[in-house]
Amino acid sequence: MNDKPIDIKCPDCGELSKFEEPFKFLSSRKIHPDETRPVHRWGSWRVLERFPSKISWKPPSGSSQFLRSGGDSGYAGYPLLTNGLVLCSHCHSNRKHKLNWPIDAYWQWEIRGKLLWAWDKEHAEAILNYIKQTSRPTRRSYCLRYIPSHFLSAKVRELVVQRIERSFNC
Ligand SMILES: [Zn+2]
């Protein structure tokens, strides 16, 4: 599982900060014998606490042992990108944070009333490069496939490119 942090607006100071998923879900084979952080067994998963001093593992209620994408909507399983840790290099905030996506996204642009967002700078650059192209290749990668088509029309292209470029410069 990917444990790359995502870029959010710090809930304390509003600057660029990182949201970290607090657990790593692995198979038992992937646990290094020298691992010193706490590891818990959850169904067929081994759950590694990435920040044991901040957030410890508590299995979700219910017997379903699977991962699902974010949102605390009362469904079974463990929701990724929901409860995590914010790490801010500006105000040194380092605490639990419940993600509210895409409201929390650092890289976000309101284009004619609709919100376009990116997970991090690299993703924002990928979106920008894609949108700039006049003849676009098939969107193979997952991170481009999600882009709603209203951001891709020729009519808004200039505007989208301008907005994304502006946020790189400030
Ligand atoms: Zn901050």
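In strand 11, A118 is the bridge partner of W107. This pairing belongs to a predicted model. Strand 10 and strand 11 (residues 114–118) run antiparallel and are joined by five bridges. The hairpin they form has two residues between the strands. Within this hairpin, R112 takes a positive phi near 45°.

The peptide bond from W101 to P102 is cis. Its omega is near 5°.

The chain as a whole has three helices and eleven strands. Counted from the N terminus, the elements run β-β-β-β-β-β-β-β-β-β-β-α-α-α. The C-alpha atoms fill a box of roughly 50 × 35 × 35 Å, taken along the principal axes. Of the 170 residues, 35% count as buried.

A zinc ion is held by protein donors from C10, C13, C88 and C91. Each cysteine contributes its SG atom. The donors lie 2.2 to 2.4 Å from the ion. Their spacing in sequence is C-x2-C-x74-C-x2-C. C10 sits in the loop between strand 1 (6–9) and strand 2 (16–20), and C88 sits in the loop between strand 8 (83–87) and strand 9 (94–98), so the pair ties together parts that are 78 residues apart in sequence. Both C10 and C88 are buried. The four donor atoms subtend angles of 106 to 113° around the zinc ion, which makes the arrangement tetrahedral. For four tetrahedral donors the ideal angle at a metal is 109.5 degrees. A tetrahedral assignment requires all angles to lie between 85 and 135 degrees.

The loop between strand 8 and strand 9 also holds H92. H92 has a positive phi of about 60° although it is not a glycine. With a relative accessibility of 63%, H92 counts as exposed; C88, in the loop between strand 8 and strand 9, is buried. A further non-glycine residue with positive phi is L81, at about 50°. L81 is placed in the loop between strand 7 (78–79) and strand 8. Its relative accessibility is 29%, so L81 counts as partly exposed.

Three strands form an open sheet in the order 3-5-4. The pairing is antiparallel. Strand 3 (23–26) and strand 4 (39–42) are the edge strands, each pairing on one side only. Neighbouring strands of this sheet are turned by 25° against each other on average, direction ignored. Strand 4 pairs with strand 5 (residues 45–49) over four bridges, in the antiparallel sense. R41 stands opposite R46 of strand 5. Strands of a sheet pair through backbone hydrogen bonds.

Two of the helices were examined for span and burial. Helix 1 (residues 121–132) comprises twelve residues. At 1.5 Å a residue, helix 1 should span 16 Å, and its end C-alpha atoms are 16 Å apart, which agrees. The buried residues in helix 1 are H123, A124, I127, L128, Y130 and I131. Seen down the helix axis, the buried residues of helix 1 fall within an arc of 165°, so they line one face.

Helix 3 (residues 154–169) has 16 residues. From its first C-alpha to its last, helix 3 reaches 24 Å, close to the 22 Å expected at 1.5 Å a residue. In helix 3, V156, R157, V160, V161, I164 and S167 are buried. Seen down the axis of helix 3, the buried residues fall within an arc of 145°, so they too line one face of their helix. On the other side of helix 3, K155, E158 and N169 are exposed.

Technical notes: Residues are numbered from 1 along each chain as its sequence is written. This is a predicted model: local features need pLDDT of at least 70, side-chain atom pairs count only at pLDDT 80 or more; totals for chains, interfaces and linings use all residues. Side-chain values use heavy atoms; hydrogens and water are left out. Donors are N, O and S atoms within 2.8 Å of the metal (3.2 Å for Na, K and Ca); water is not among the atoms, so sites may look incomplete. Four donors count as tetrahedral if all angles lie between 85 and 135 degrees; four count as square planar and six as octahedral if opposite donors are over 155 degrees apart and all others between 65 and 115; anything else is irregular. Buried means under 20% relative accessible area, exposed over 50%, partly exposed in between (1.4 Å probe, protein chains only). Two strands pair if DSSP finds at least two bridges between them. Axes are lines fitted to C-alpha atoms, for helices over the stretch in contact, and angles run from 0 to 180 degrees between N-to-C directions. The expected span of a helix is 1.5 Å times one less than its number of residues. The arc is that of the directions from the helix axis to the C-beta atoms.
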